[in-house]
Amino acid sequence: MSGVWRASLRRELTLIWRAPADVIQPLFFFVVVVSLFPLGLSPEPELLALVAPGVVWVAALLAVMLSLDGLFRRDQESGALDQMLSAPVMTVVPVSAKLLAHWLLTGLPLALVAPLLGYMMQLPASVLDTLALSVLLGTPTLTVVGAIGAALTVGLNRGGILLAVLVLPLYVPVLVFGAGVVRTALDGLPTDGLLAVLGAILALALSLGPLAVALGLRISAGD
Amino acid sequence: MTDPSARLTVSRLGCERDDRMLFQDLAFNARAGEIWQITGANGAGKTTLLRILVGLHGFYQGQVRWSRPLAPDLLYLGHDAGIREELSARENLQFSRALSGQSGDLDAALAAVDLYGFEDVPAGRLSAGQRRRIALARLWLGGKSVWVLDEPYTAIDQAGVAKLDARLREAAGAGVLILYTSHHRVGDGVRQLRLGAAGEGR
Amino acid sequence: MYFDSVSEFVAMGGHGFFVWSAYGISALLIIGNMVLAVRQQGRVRQEIQRRLRRDQRPAHNAVEGEVE
Amino acid sequence: MWKTLTRWYHQLSSPRYFYRFASAVLPWLMPIAVLVLLTGLVWGLVFAPVERYQGNSYRIIFIHVPASSGALMGYIAMGVAGLIALVWRLKMAEVMLKAMAPFGAVLATVSLATGALWGKPTWGTYWQWDARMTSMLILLFLYLGIIALQSAIRDPRQAARAASLLAVVGVINVVIVKYSVEWLNTLHQGATLKLVGESSINDAMKWPLLISMLGLWLLYAANVLMRARTEVLNRERRSGWVATLLAPGAKE
């Protein structure tokens, strides 16, 4: 069983590594979208710092969502998905390896870049670590929950728009608490309670999410 | 009609797609060591039938019963061979082997399908025929007693066809149950299952 | 009857616009949905009746190599 | 007792029996629902006393509160139907889930519209991102998600199973959204001014509200039975009983 998981993880990382566009696009999108706001609003520091938590978090959320469309599509088109579903191992094993690989190469980089963008948005340096921590804690949930939508729309030709309609309402709690943590830190209040909530949501997503994704893939394949 | 020695029993099997019956009242028993050729016009539901038999497609009437759990014994080559173009022949086969729990030697299998020397070339740069042969290499990894192959002969040249025929006969002789879709008939003694052509009786 | 006259009832103490537009929109949406449900049922029934009249015969198939 | 339950379960889970059951129930359920709803609304609009602080605009609650509760209960019922459909592969559960979605979405929209129109005279603004209205907005998006997914997938059986999974995930999400939005609001406005909560309205207002709620829920049930009948015909179009039922000249 762990053999399949390790083989799947190695395959996924190789696949994403071989097609770097899947890694660079979300990052590029994240940086560009955030840097638009000072142009759209005004470079005035107090205003930017005020909206920074929400702006950075919405941009991160959209970056993750955009990267999900390709999560299963190529495997479905190439027939690799049928292989996973008909293999003698539980589907959740290769699926969870795929989700981990996806987060490592999209969610994690977002968390590393977030402080830089936070700084660009005039956020005080003291808050930047909380920002990175909140994105680090929130993006796995975005990946897993978004993957449920990706699994259900993988067979459809214009799945992209539908994916957004399905997934964005599911992202609301993570956005509210994610940006909320940073705003609370900005006000100088303790943030561990909210980080705990983000952690609880993550625990729920990690426990039920992969099973739902596996079921979603099975349904899309025709069962 | 259920025959105890049958590895696969299909009774009254029917499948509907887009408000049209693909096939109906399909019934047959398949035993280990037999080769079944499934033919029918395009759109007659050959691929769907295979996907029902391997459990990928669940929306059908009737009954499909395997005498033992299928997944551990199943070697399934789908319509698209499951080969990712970014990975090399070896990497693709390595993953398929790990996923299906086979244990044969990679290089020997790749050599058997004339991919010697191409092991580490990304599949994207190989020809369509070579890409399909990466998937076919799994037939030489062994350890599976039920082979379900969707159009294994497409994009295979003359020499490849002969080699594949020999391999299928050899496996059947060793007790493997083989079900495949193709217009090519492996040889005599192959049982044929013809799905109603889509155009007929409309 | 809480109100003294019909005109007072319509005016709703100055909030008439809000009360009546709220009820108007609600009525529109709920009744609209009912009508849609009825029309959709009609459409499905017609579709099936049309197909029944066409009286399709499903594809047949032959199984060789099966010794009965 | 147990025997009647299993008999009822087997009967109601067969689409054919359900079609006859729904056809028998609808002719009297629909008029009763409309009657009860109208009595509740007329009572609330015409006869109920004015509310001390707000004036007459509070009369919107007689449609707003039933609609909000109907939208929420409808989605939770869809979650339950989705779970049953996924776990036991019950065709009727799939049919009910699809039948409940449209009216639920309509009620969510009605709740938002009436809430906004009630908010303007009472709190001076149509929309203020308060906990309840924001949750209702997300609920509407969830409804639209299910309807969009169900119509995007061609095969009705696959669409039903996909919608079932989404409904189950959605129900879990609704609970978390409620908490996250309530937390968001306690941070900013303090407790929203609760002029008219269910508890604080006196008896003269409570009865019309309860009757309107009962009426709207009955109407919801009637609409669900109607749509379920259509979906049963759609899903069973190839079966014999539909052929005899709809054969030209057959008695309905």
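What percentage of the 68 residues in chain C is buried? In this predicted model, buried residues account for 34% of chain C. The chain is built from two helices and one strand, which follow one another along the sequence in the pattern α-α-β. Chain C exposes about 4,300 Å², and 61% of that area is supplied by carbon and sulfur atoms.

Five pairs of chains touch, and among these the pair formed by chains C and D has the most contacts. On the two sides of this interface, 45 residues of chain D are in contact with 32 residues of chain C, and the area buried between the two chains is about 3,400 Å², with carbon and sulfur atoms giving 69% of it. Seven residue pairs in polar contact are found across the interface of chain D and chain C, both residues of each pair being at pLDDT 80 or more. The elements of chain D that give two or more residues to the side touching chain C are α2 (15-47), α3 (61-88), α4 (91-123), α7 (203-235) and α8 (240-246), and the largest share, 11 residues, comes from α4(D). Sorted by class, this side of chain D has 29 nonpolar, nine polar and seven charged residues. The count of salt bridges between chain D and chain C is one, and in it the side chains of C:E47 and D:R237 meet at 3.1 Å, N to O. Chain C has no contact with chain A, the closest C-alpha atoms of the two chains lying 22 Å apart.

Between chain A and chain B, 27 residues of chain A are in contact with 28 residues of chain B, and the buried area is about 2,300 Å², of which 58% comes from carbon and sulfur atoms. Within chain A, the residues that lose the most area to chain B are A:R11, A:Q83 and A:P88, which together supply 24% of what that side buries. Across this interface there are 10 residue pairs in polar contact, with both residues at pLDDT 80 or more. Two or more residues each are given to the side of chain A that touches chain B by α1 (2-18), α4 (70-78), α5 (80-86) and α10 (192-221) of chain A, and α1(A) gives the most, with eight residues. By class, that side of chain A has 11 nonpolar, seven polar and nine charged residues.

The structure holds 25 salt bridges over all chains, and four of them are counted between chain A and chain B. In one salt bridge, the side chains of A:D82 and B:R51 meet at 3.1 Å, N to O, and both residues are buried. A further salt bridge is formed by D:R89 and A:D223, with the closest N and O atoms 2.7 Å apart. Because D:R89 lies in the loop between α3 and α4 of chain D and A:D223 in the segment after α10 of chain A, this pair joins two chains. D:R89 is partly exposed, with a relative accessible area of 42%, whereas A:D223, with a relative accessible area of 13%, is buried.

Within chain B, a salt bridge is formed by B:D73 and B:R7, whose closest N and O atoms are 2.6 Å apart. This pair links distant parts of the chain, 66 residues apart, with B:D73 in the loop between β4 (61-66) and β5 (74-77) and B:R7 in the segment before β1 (8-17). B:D73 counts as buried at 16% relative accessibility, and B:R7 counts as buried at 5%. Finally, salt bridges that share partners join A:R11, A:E12, A:D22, A:R74, A:D75, A:K98, B:R84 and B:E86 into one network.

Notes: Residues numbered from 1 in each chain as written. Chains lettered and ligands numbered in written order. Predicted model: local features only at pLDDT ≥ 70, side-chain atom pairs only at ≥ 80, totals over all residues. Heavy atoms only, no water. Helix = DSSP H or I, 4+ residues; strand = E, 2+ residues; numbered from the N terminus. Buried < 20%, exposed > 50% of the residue type's maximum accessible area, 1.4 Å probe, protein only. Areas by Shrake-Rupley, 256 points an atom, 1.4 Å probe, with all protein chains shown as cover. Contact = heavy atoms within 4.5 Å. Buried area = accessible area lost by both parts, 1.4 Å probe. Salt bridge = Lys/Arg side-chain N within 4 Å of Asp/Glu carboxyl O. Polar contact = N/O pair within 3.5 Å; in protein donor to acceptor, adjacent residues only side chain to side chain. Nonpolar A, V, L, I, M, F, W, Y, C, P; charged D, E, K, R; others polar.
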